[in-house]
Amino acid sequence: MELTVWGIITALVVGLIIGALGRLVVPGRQDMPIWLTMLIGVGAALLGTVVARAAGIATQTAGIDWMELLVQVALAAIAVALVAGVGRRRRVSRY
């Protein structure tokens, strides 16, 4: 697999979209910077592809693989909820 500039740009754009969809699924406000959303999205996209291929659902559809996308968004939502929960706990002040 050859790593190109367009491949990196595509991964970042897909990561941003997956991360944004993951944030939309999680209820409430998440105080996270855009770079963290993108990082979570890229990680969820990569891990979601691996999980979907291992489960055998990555090749069932032609065109956009909706099941793989669903796995990626679910993983992004889980990661966003975990990161937002950890950040929320850290900001609690004790009187």
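A patch is made of residues with over 30% relative accessible area and no salt bridge, and nonpolar side chains are joined into one when they lie within 5 Å. The close-up views below are all taken from a predicted model.

**View 1. A nonpolar patch on the surface.** Seven side chains are shown here: V5, W6, I9, V13, I17, L21 and L24 form a nonpolar surface patch of about 730 Å². V5 belongs to helix α1, which covers residues 5-25. With a relative accessible area of 58%, V5 is exposed, because exposed means over 50%. An α-helix has 3.6 residues a turn, so residues three or four places apart point the same way.

**View 2. The largest nonpolar core.** The largest nonpolar core has six residues: V26, M32, L36, I40, A77 and V80. Helices α2 (34-55) and α3 (66-90) are the elements that each give two or more residues to this core. Apart from it lies another core, of five residues, including I18, A44, A45 and A76. Which residues does V26 touch, leaving aside neighbours within four places in sequence? V26 is in contact with A77, V80 and A81.

**View 3. Helix α2 from end to end.** Helix α2 has 22 residues, and the distance from its first C-alpha to its last is 31 Å. That is close to the 32 Å expected at 1.5 Å a residue. The buried residues of α2 are L36, T37, I40, G41, V42, A44, A45, G48, T49 and A52. Among them, L36 and I40 also belong to the largest nonpolar core, while A44 and A45 belong to the core of five residues. Just after α2 comes G56, with a positive phi of about 80°.

**View 4. A74 and G22.** A74 is part of helix α3. In sequence, A74 and G22 are 52 residues apart, yet their C-alpha atoms are 6.7 Å apart in space. Is A74 exposed or partly exposed? Its relative accessible area is 38%, so A74 counts as partly exposed.

**View 5. The salt bridge.** How many salt bridges does a search of the whole structure find? The search finds one. It joins the side chains of R29 and D31, with 2.7 Å from N to O. R29 has 69% relative accessibility and therefore counts as exposed. D31, at 46% relative accessibility, counts as partly exposed. The cut-off that separates these two labels is 50%.

Methods:
Residues are numbered from 1 along each chain as its sequence is written. This is a predicted model: local features need pLDDT of at least 70, side-chain atom pairs count only at pLDDT 80 or more; totals for chains, interfaces and linings use all residues. Side-chain values use heavy atoms; hydrogens and water are left out. Patches are made of residues with over 30% relative accessible area and no salt bridge: like charges are joined within 9 Å, nonpolar side chains (Val, Leu, Ile, Met, Phe, Trp, Tyr) within 5 Å. Accessible areas come from the Shrake-Rupley method with a 1.4 Å probe; for residues, only the protein chains shown count as cover. A salt bridge is a side-chain nitrogen of Lys or Arg within 4 Å of a carboxyl oxygen of Asp or Glu. Helices (H or I, at least four residues) and strands (E, at least two) are DSSP runs, numbered from the N terminus. Buried means under 20% relative accessible area, exposed over 50%, partly exposed in between (1.4 Å probe, protein chains only). A nonpolar core is a set of buried Ala, Val, Leu, Ile, Met, Phe, Trp, Tyr and Cys residues joined through side-chain atoms within 4.5 Å. Contact means heavy atoms within 4.5 Å. The expected span of a helix is 1.5 Å times one less than its number of residues.
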